[in-house]
Amino acid sequence: MRSLGRMLGFVLAAILGWRRSAQRHAEELEGIPPGGRDVDPRRRHVPADPRAELLVALLLLLTGACGVAVVVLLIVEVANGTQWLGLAFGLGFGALAAALIVAGKRVVPQELAVEERPKFTDPEAVNETVEMVREGGEGISRRGLLAGAAGVAAVGIGGALIAPAASLGPNVANRIDDTPWRRGTRVVDARGRAILAADVVQGTFVTGYAEGASVRDVGSPIVLVRLDPSVLRLPAGRPLAEWAPQGLLAYSKICTHAACAISLYRYPSFRATQPRPALVCPCHYSTFDPARGAKVIFGPAGRSLPQLPLAIDAATGELRANGGFSGSIGPAWLDVDRGGQ
Amino acid sequence: MTRAVPLALAIVCGALAIWDLAGKPPSAPAQAPPSAGGRVAVNGLVDSGRTLFQQTCSSCHGLDGRGRQGRGPSLIGAGAQAADFYLSTGRMPLADPSDAPVRTKPQFTHAQIRALTAYVATLGGPPIPRVDAAAGSIALGQESFAEHCAGCHQILGRGGIVVGGIAPPLQQATSTQVAEAVRIGPYLMPRFTRAQIGQHELNSLARYVGFTKSPDDLGGWSIGNIGPIPEGMVGWFLGLASLLVVAVLIGERVRR
């Protein structure tokens, strides 16, 4: 905290000192004696400054390039894409801000804008006004360049702002109901090795995937737990032999509230004095009871986790799906199939 | 002084404020006693352990360690690893059987813990797991911790909640206690089998948990190492202040 205080003090001193020196500097430039009379920025004369205009144009072009980079990064997957996106956005807006600052200080003519217009019917007065308005921009020598650069910046930033909208409404097609699980699909771990029934002992919590499916497919990941078959109270229509052989249970790992991964498993070491087993989502603590078909017992989720029926391969002991999920996977949305509640 | 210098200074300060969000955490004293390896089978030790057990543990776990209905679980098959873990972290004995066991100062001496552990080991169950943090890989440890532990314990092991329970901070845990907790799944924690977390991964986890006691904090301040909310507040207050400074610097006030 002391270093923080020192830093703030340093910054404050720097500002105060600099403002004073900057003011003196400006007054000297304009031939105003120290402690000068009039530093109204609207009265300051800023002559056309080609170098400043070039700088503004370059900054605007950089803005546009960064905007284009954002769009490209959103489309093309690269390593550390998020960091590059942040860099492109930050650099783009930084360049835009710098362009506006330089333009405001060094390019745009500053003048006092109080005009008296008694009446506009007088053609001479109209001409005068038109002339005056036209002259307003005369301090800028390379209008075309600046306008072009501003256009590039606008297109780039506009594209960068619009492109993420594509992420808002993904075409999920049928992935929510058409998951990679079929009767007989092998359950594998993240490295593609088959998960054996014996790997899932009581008190452990194993994540499985559908063999052959991309690990990025939201329909693929499941959580596997084993409970004592005598405590299971699955919903009607889910016979234990087909849905929970040996007390093995599989549920979609995607929370039905906001699609986070169910990655917490609460398992009591002594049932008599401790809370019952539960699958918990770390994002908003939606809590599901695996013994009762992953019914919601706490938290914001609106419906149960879809259950995947399981079968154990008699020869190898490998786990296989015994059909598709009991309901739609993923978060609640309008018209969601509320079956499996 | 030209105009550019202080402006650059202000921007640098602003950047620092946003960037500089980590630091030296309070160095947690590793107070838990190191538990020696699993070979404690001297008869005298078991006898004194049994006596101590019947005096201090039997009201819940029963005189013969078979547990009592609604009060405490059977310890048959719990093994030395569970006894050593619960006793050396002070989680047992509990004042009331319905309390959640939390880490406290151990209530027995090292010798008493060794005796009790030796006795519980005679009831059957796994020995104290062997773990060698120095042989582990800190990168693998972090990867494994992120996958298996961070959901409850938070990525730097500062603890958190699971519905109905509290996941403790891990800075006081010894490597052996980490290994024991992984294999036992104490209280509401799930347990992890050798198929899920092998010996090398266990070593690596222990090494990573040791690392979290004093993480690198490359940014400077630790801000408690508890995540984005305090870090965000610091970022907002310092970052926003810096932005205001920049706004003051680049703007001019009209004098009347």
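## A buried glutamine in chain B

B:Gln154 is buried, because 21 other C-beta atoms lie within 10 Å; a residue is called buried if 20 or more other C-beta atoms lie within 10 Å of its own, exposed if 12 or fewer, and partly exposed in between, with the C-beta atoms placed from the backbone. B:Gln154 lies in the loop between helix H7 (150-153) and strand E1 (160-162) of chain B, where helices (H or I, at least four residues) and strands (E, at least two) are DSSP runs, numbered from the N terminus. The phi of B:Gln154 is near 75°, a positive value in a residue other than glycine.

This is a predicted model, in which local features need pLDDT of at least 70 and side-chain atom pairs count only at pLDDT 80 or more, while totals for chains, interfaces and linings use all residues. Residues are numbered from 1 along each chain as its sequence is written, and chains are lettered from A and ligands numbered from 1 in the order in which they are written.

## Other backbone exceptions

Most residues other than glycine have a negative phi, and most peptide bonds are trans. A:Gln246, which is not a glycine, has a positive phi of about 55°, and its place is in the loop between helix H6 (240-243) and strand E4 (248-252) of chain A. A:Gln246 is partly exposed, because 14 other C-beta atoms lie within 10 Å. In chain B, the peptide bond from B:Met92 to B:Pro93 is cis, with omega near 0°, and B:Pro93 is found in the loop between H4 and H5 of that chain.

## Helix H5 of chain B

Helix H5 (residues 110-121) of chain B has 12 residues and reaches 16 Å from its first C-alpha to its last, close to the 16 Å expected at 1.5 Å a residue; the expected span is 1.5 Å times one less than the number of residues in the helix. Nine of the 12 residues of H5(B) are buried, so this helix is largely enclosed by the rest of the structure. Among these buried residues are B:Ile113, B:Arg114, B:Leu116 and B:Tyr119. The buried residues of H5(B) pack against helix H2 (43-56) and helix H4 (79-88) of chain B, and two residues are in contact if their C-beta atoms, placed from the backbone, lie within 7 Å.

## The nonpolar cores

A nonpolar core is a set of buried Ala, Val, Leu, Ile, Met, Phe, Trp, Tyr and Cys residues joined through C-beta atoms within 7 Å. Of the 85 residues in the largest such core, A:Leu224, A:Tyr251, A:Leu279, A:Leu310 and B:Leu205 touch the most other members. H5(B) gives the most to this core, with seven residues. A second, separate core of 18 residues includes A:Leu62, A:Leu73, A:Ala95 and A:Ala153.

Not counting residues up to four places away in sequence, A:Tyr251 touches several residues, including A:Ile222, A:Leu279, A:Pro290 and A:Leu308.

## A sheet in chain A

Chain A holds six helices and 11 strands, and buried residues make up 31% of its 341 residues. An open sheet of five strands in this chain has the order E1-E2-E3-E4-E9, with antiparallel pairing, and two strands are said to pair if DSSP finds at least two bridges between them. The edge strands are E1 (187-188) and E9 (307-308), each of which pairs on one side only. E1(A) and strand E2 (residues 206-210) pair over two bridges, with A:Val188 opposite A:Tyr209 in E2(A).

Five of the five residues of E4(A) are buried, so this strand is largely enclosed by the rest of the structure. In a regular strand the side chains alternate between the two faces of the sheet. Both faces of E4(A) are covered, with A:Leu248, A:Ala250 and A:Ser252 buried on one side and A:Leu249 and A:Tyr251 buried on the other. Strand E3 (residues 222-226) of chain A pairs with E4(A) in the antiparallel sense over five bridges, and A:Ala250 is the bridge partner of A:Leu224. E4(A) also pairs with E9(A), over two bridges, and there A:Ala250 stands opposite A:Leu308.

## Helix H2 of chain A

Helix H2 (residues 50-75) of chain A has 26 residues and reaches 38 Å from its first C-alpha to its last, close to the 38 Å expected at 1.5 Å a residue. Its buried residues pack against helix H3 (81-107) and helix H5 (143-162) of chain A. A:Arg51 lies in this helix and is exposed, because 8 other C-beta atoms lie within 10 Å.
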